[in-house]
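These are my notebook entries on one protein chain. I looked up its strands, its core and a few single residues in turn.

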Amino acid sequence: MNDNVEIVRTNSRRVSCDGATDIPGGAALGHPRVWFEIDEKGYAECGYCDRRYVLIGSPADVAGQDATAN
């Protein structure tokens, strides 16, 4: 995995990505909107921008595991 990948934690198994969600008025700067289903791995990756969507509480949710490790 690329170290510069943006990770988005989500509560939903179905997510969409347009590459410009965080850019005000930036839809023209992104890519076509695509939809993903997060499966048993606990994450899905966008083929356009490499953004990784991680289901909170899933095996892929390292941030959640770190928070509960103590």
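**Entry 1: the central strand and its partners**

I began with β1 and β5, which run parallel and are joined by 4 bridges. I took helices (H or I, at least four residues) and strands (E, at least two) as DSSP runs, numbered from the N terminus. I counted two strands as paired if DSSP finds at least two bridges between them. The model is predicted, and in it local features need pLDDT of at least 70, side-chain atom pairs count only at pLDDT 80 or more, and totals for chains, interfaces and linings use all residues. Residues are numbered from 1 along each chain as its sequence is written, and side-chain values use heavy atoms, with hydrogens and water left out.

I then looked at β4, which pairs with β5 in the antiparallel sense over 3 bridges. The 3 strands form an open sheet with mixed pairing, in the order β1-β5-β4. I noted β1 (7–10) and β4 (43–45) as the edge strands, since each pairs on one side only. On average, neighbouring strands of this sheet are turned by 20° against each other, direction ignored. For such angles, axes are lines fitted to C-alpha atoms, for helices over the stretch in contact, and angles run from 0 to 180 degrees between N-to-C directions. As background, I wrote down that strands of a sheet pair through backbone hydrogen bonds, either parallel or antiparallel.

**Entry 2: the whole chain**

The chain holds 1 helix and 5 strands. Along the sequence I read the pattern β-β-β-β-β-α. Of its 70 residues, 31% count as buried; buried means under 20% relative accessible area, exposed over 50%, and partly exposed in between (1.4 Å probe, protein chains only).

**Entry 3: Val54 in β5**

Is Val54 buried or exposed? Val54, in strand β5, is buried, with a relative accessible area of 4%. I found two residues opposite Val54: Arg9 and Tyr43. The C-alpha atoms of Val54 and Gly42 are separated by 5.9 Å, although the two residues are 12 apart along the chain.

**Entry 4: the hairpin**

I next followed the chain from β4 to β5, which form a hairpin with 6 residues between them. Within β5, Arg52 is the bridge partner of Glu45. Asp50 lies in the loop between β4 and β5 and is partly exposed, with a relative accessible area of 43%. I noted that Asp50 has a positive phi of about 65° although it is not a glycine. Most residues other than glycine have a negative phi.

**Entry 5: charges over Tyr43**

Which residues lie over the face of Tyr43? Lys41 does, at 5.0 Å from the ring centre, and so does Arg52, at 3.9 Å from the ring centre. The rule requires NZ of Lys or CZ of Arg within 6 Å of the ring centre and within 35 degrees of the ring normal.

**Entry 6: the nonpolar core**

Which residues make up the largest nonpolar core? I found Val15, Cys17, Phe36, Ile38, Ala44, Cys46, Tyr53 and Leu55, 8 residues in all. The elements that give two or more residues to this core are β2 (14–17) and β5 (52–55). A nonpolar core is a set of buried Ala, Val, Leu, Ile, Met, Phe, Trp, Tyr and Cys residues joined through side-chain atoms within 4.5 Å. In soluble globular proteins, nonpolar side chains tend to be buried together.

I also looked up Cys46, which touches Cys17, His31, Val34, Phe36 and Arg51, not counting residues up to four places away in sequence.

**Entry 7: Asn11**

Asn11 is exposed, with a relative accessible area of 66%. Its contacts, not counting residues up to four places away in sequence, are Leu55 and Ile56. The C-alpha atoms of Asn11 and Leu55 are separated by 5.8 Å, and the two residues are 44 apart along the chain. For the chain, I noted that 38% of contacts between residues at least 6 apart in sequence join residues at least 24 apart.

Note on methods
Contact means heavy atoms within 4.5 Å.
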